[in-house]
Amino acid sequence: MKSPNIIGFACQWCTYAGADLAGNLRCKYPPTVKLIKVPCSGRVKPEYVLKAFAQGADGVLVGGCHFGDCHYKDGNYKTKNRMDMLKQMLEEFGFDPRRFRREWISGAEGKKFADVITEFSAELQELGPNDALVDIQPGNEVEEVTRNG
Amino acid sequence: MADKIKLGFLLLGGCAGCEMSVVDLSEKLADTLEHVEIAFWAPTVADVKYDDLAKMEDNAIDVAFIDGMIRLDEHVHMARIMRQKAKTLIAYGVCSALGGTAGLGSLHSKEELFEKAYKNTPTTDNPDDVYPQPECLVDGKYDLTLPSYQEKVRLLNQVVDVDYYIGGCPPHYSHVEAALNALVTGRLPPAGSYITNGKAVCDVCDRNPVNKEGDHRAMLHRVLRTVDGIPDDDTCLLQQGYICFGPITQGDCGASCLHVNTPCRGCGGPLPGVEDYGAQAVSSIGSILNDENVTSQLQEKYPNLSKFFYRYSLPSGILPKKI
């Protein structure tokens with residue numbers, strides 16, 4: 001399989017700064033992640049995650065601050081509530097929940113960012129491409145043959 | 001009279017409850033008959049056959065209401081015919097707009113559903129495993145057919161172009177009246193949108209703490225199901241711990257469920273701008289749960305979250321069926 005395609009939603013105060021630091025520290029990690037900077041991980045709607053999967057992401061990462069570090073006090077608590085429920089729902093739909101990760105990475109944890117991406121990429125490489133969700137989007141699916149339709 | 005507006009009603013995979021809402025207009029419906037004519041109403045009310053619709057000229061019906069979701073190939077076929085005959089097509093009720101409760105069937109395979117319906121229910125006696133077949137030859141000469149079952153539930157707009165949507169399971173008759181008035185007077189929203197008052201259920205709910213003197217919104221500190229107790233009938237259900245989808249649902253119903261102490265389950269459809277109702281529900285409810293203990297309480301109380309959050313809207317979601 002070609003290298004996996006990861007969409008990462010990164011909070012601008014922590015995870016995005018962590019990604020910056022990973023670069024400054026010359027940490028090596030695979031070029032598989034496309035980071036989207038968001039004001040806060042609490043800004044990431046579950047809909048964005050589903051949309052990313054529907055448009056062909058093999059994995060989605062939502063990165064925020066550790067508890068107590070949120071710039072807006074409680075954004076990451078909301079993220080946890082939402083993303084935990086979303087993960088359970090993905091599982092109920094028969095979608096592999098390992099494709100979805102929620103991580104707390106602070107601005108000082110450049111190394112952790114690199115490690116998470118390396119590990120996530122390796123895991124996705126094993127899981128293979130995410131075709132299942134892309135194929136069932138309206139417009140992509142082959143219409144069922146109908147007898148009198 | 002040539003000036004009368006010609007209406008058509010077509011029931012697809014639904015239960016005809018939406019059509020009952022039209023009938024619930026009672027004397028008002030009789031009054032409107034001066035201005036409108038019912039050209040087609042099948043299979044429920046008028047004595048017409050599917051063929052009569054196919055024989056009509058194109059655009060012969062001014063406004064067509066289609067209720068029910070798409071589950072059988074017959075539904076696809078009839079929806080396409082109705083689209084040809086109707087100038088304006090309305091997805092009427094939550095089944096045709098979002099998939100409805102029957103849409104939850106998309107979380108199961110055809111085999112699972114058939115086994116439940118035709119074999120495993122306690123009142124079913126089916127020792128020979130007889131299941132409905134789309135085609136059957138009787139006595140070697142009668143070739144009988146039934147509409148065939150499709151792999152998943154679809155919305156009306158996944159089969160034909162839809163001009164307007166009306167939510168509700170069923171739509172409240174007062175909203176049906178408002179929608180009919182809007183159609184007759186031509187005061188309609190842009191094509192492709194819901195005919196709605198645009199307000200959330202909370203907006204029209206008497207329990208909303210924001211509208212009460214000295215009250216304020218609070219986070220949820222516990223989660224209760226309606227079987228866990230009887231809610232206080234004046235306080236906001238969310239504040240008492242009963243999960244209610246009022247904040248994210250269109251309030252064309254006038255908060256009817258809340259009047260009978262029942263939490264909103266989202267049949268009104270999503271507020272404008274929301275694409276995936278269930279994901280939005282996760283987002284909104286997730287933001288008012290006080291801490292992770294409350295979240296795990298919710299996950300325990302509702303073991304199948306997708307059936308809870310997508311109760312009326314599963315086929316309309318970005319994940320429209322079990323993979």
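Reader: Where is the place of B:Ser26 in chain B?
Author: This is a predicted model, in which local features need pLDDT of at least 70 and side-chain atom pairs count only at pLDDT 80 or more, while totals for chains, interfaces and linings use all residues. Residues are numbered from 1 along each chain as its sequence is written, and chains are lettered from A and ligands numbered from 1 in the order in which they are written. Helices (H or I, at least four residues) and strands (E, at least two) are DSSP runs, numbered from the N terminus. In these terms, B:Ser26 has its place in the loop between helix H1 (17–23) and helix H2 (27–32) of chain B.

Reader: Is B:Ser26 buried or exposed?
Author: B:Ser26 has a positive phi of about 40° although it is not a glycine. A residue is buried if 20 or more other C-beta atoms, placed from the backbone, lie within 10 Å of its own, exposed if 12 or fewer, and partly exposed in between. B:Ser26 has 9 other C-beta atoms within 10 Å, and therefore counts as exposed.

Reader: Which phi does A:Lys73 have, although it is not a glycine?
Author: A:Lys73 is placed in the loop between strand S3 (59–64) and H3 of chain A. Because it has 10 C-beta neighbours inside 10 Å, A:Lys73 counts as exposed. Although this residue is not a glycine, the phi of A:Lys73 is positive, at about 75°.

Reader: Which residues is B:Asn59 in contact with, leaving aside its neighbours within four places in sequence?
Author: B:Asn59 sits in the loop between helix H3 (50–55) and strand S3 (61–67) of chain B, and it counts as exposed because it has 12 C-beta neighbours inside 10 Å. From C-alpha to C-alpha, B:Asn59 and B:Gln84 are 6.4 Å apart in space, although 25 residues apart in sequence. Two residues are in contact if their C-beta atoms, placed from the backbone, lie within 7 Å. Once the neighbours within four places in sequence are set aside, B:Asn59 is in contact with B:Lys85 and B:Lys87.

Reader: What is the omega of the cis peptide bond from B:Cys169 to B:Pro170?
Author: In the loop between strand S2 (36–42) and H3 of chain B lies B:Pro43, and the peptide bond from B:Ala42 to B:Pro43 is cis, with omega near 0°. B:Pro170 lies in the loop between strand S9 (164–166) and helix H7 (173–185) of chain B. The peptide bond from B:Cys169 to B:Pro170 is also cis, and its omega is near -10°.

Reader: How are H1(A) and H4(A) turned relative to each other?
Author: Axes are lines fitted to C-alpha atoms, for helices over the stretch in contact, and angles run from 0 to 180 degrees between N-to-C directions. Helix H1 (residues 15–24) of chain A packs against helix H4 (residues 110–127) of chain A at an angle of about 95°, with their axes 7 Å apart. Angles under 35 degrees count as roughly parallel, over 145 as roughly antiparallel, 65 to 115 as roughly perpendicular and the rest as oblique. The two helices, H1(A) and H4(A), are therefore roughly perpendicular.

Reader: Which handedness has the crossing of H3(A) and H11(B)?
Author: Helix H3 (residues 75–92) of chain A and H11(B) pack at an angle of about 25°, with their axes 10 Å apart, which means that H3(A) is roughly parallel to H11(B). In this pair, A:Lys80, A:Asn81, A:Asp84, A:Met85 and A:Gln88 of H3(A) meet B:Glu292, B:Thr295 and B:Gln299 of H11(B). A crossing is left-handed if the near helix is turned anticlockwise from the far one by less than a right angle, and right-handed if clockwise. For H3(A) and H11(B), the crossing is right-handed.

Reader: Which element gives the most to the side of chain B that touches chain A?
Author: The contact takes 31 residues from chain B and 29 residues from chain A. Among the elements that give two or more residues to the side of chain B are helix H4 (73–85), strand S8 (149–154) and helix H10 (277–288) of chain B. With six residues, the element that gives the most to this side is H10(B).

Reader: How far apart do the C-alpha centres of domain 1 and domain 2 of chain B lie?
Author: Chain B is divided into domain 1 (5–101 + 151–194), domain 2 (105–150) and domain 3 (202–316), with bounds that come from an automatic or database domain assignment. Seven residues of domain 1 of chain B are in contact with seven residues of domain 2 of chain B. Between the C-alpha centres of domain 1 and domain 2 of chain B, the distance is 29 Å.
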